[in-house]
Amino acid sequence: MRINIIDIPEEGLEQEFDLPITINDNAIPDAASARIKLLRFGKKILVDGAVKVNISLKCSRCLSDYSCPVDLNFREEYTPADETEPGSRKELSGDQMDIGFYVGEEIDLAGIVKEQVLLEVPMKPLCKNDCRGLCSKCGADINMQTCNCKDDHIDPRLAPLAKYKESLNRRKE
């Protein structure tokens, strides 16, 4: 959904819309409901918005699918990008790190909403905080069933302590 900057009146423009948001290639798009208010100050645009969406994610420990509700409010400032040298790179100052840039005479609201939702998605998604994950030997979901695999792996850094423990047990016998 693109809005022409010239079409934004002085009192601002408010838009409500639903749009599909896909987090990764395998996921089914989730419909996000968004409310956006645009205010124009010369060529600068202030975007004030609220987004609600349930995102389908895969747990990084047990690989099960789960729904993650996202309810966020955001405020972003957008200024026109310097188009004097196409394809060139420009270093941003510290003040410009919190500002978004747009090219041309339109601003893409769908892109802004998707960016804000992606910033809210956890880097390491977990179905629950105490998810126990999968067994490294048999692959069983430890949240659903108990695993009878024996964990006989010893960290090589602790191997000398294991040998010392064995020698103490032999002395007792």
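**View 1. Members of the largest nonpolar core in the predicted model.** Ile 36, Leu 38, Ile 45, Val 47, Val 51 and Val 113 touch the most other members of this core, which has 33 residues. Strand 2 (13–21), strand 3 (30–41), strand 4, strand 5 and helix 1 each give two or more residues to the core. A nonpolar core is a set of buried Ala, Val, Leu, Ile, Met, Phe, Trp, Tyr and Cys residues joined through side-chain atoms within 4.5 Å, where buried means under 20% relative accessible area with a 1.4 Å probe, protein chains only. Helices (H or I, at least four residues) and strands (E, at least two) are DSSP runs numbered from the N terminus.

**View 2. Surroundings of Ile 45.** Not counting residues up to four places away in sequence, Ile 45 touches Ile 5, Ile 8, Leu 38, Leu 39, Arg 40, Glu 76, Glu 77, Tyr 78, Tyr 102 and Ile 107. Contact means heavy atoms within 4.5 Å.

**View 3. The hairpin of strand 4 and strand 5.** Strand 4 (residues 44–58) runs antiparallel to strand 5 (residues 65–80), and 14 bridges join them; strands pair if DSSP finds at least two bridges between them. Lys 52 has Asp 71 in strand 5 as its bridge partner. Six residues lie between the two strands, and Leu 63 in the turn has a positive phi of about 65 degrees.

**View 4. Parallel pairing of strand 5 with strand 6.** Four bridges connect strand 5 to strand 6 (residues 99–102). Phe 101 in strand 6 stands opposite Thr 79.

**View 5. Lys 124 in the loop between helix 1 (109–120) and helix 2 (159–172).** Beyond its neighbours within four places in sequence, Lys 124 is in contact with Ser 60 and Arg 61. The C-alpha atoms of Lys 124 and Arg 61 are 8.8 Å apart, with the residues 63 apart in sequence.

Residues are numbered from 1 along each chain as its sequence is written, and side-chain values use heavy atoms, with hydrogens and water left out. In this predicted model, local features need pLDDT of at least 70 and side-chain atom pairs count only at pLDDT 80 or more, while totals for chains, interfaces and linings use all residues.

Technical notes
Buried means under 20% relative accessible area, exposed over 50%, partly exposed in between (1.4 Å probe, protein chains only).
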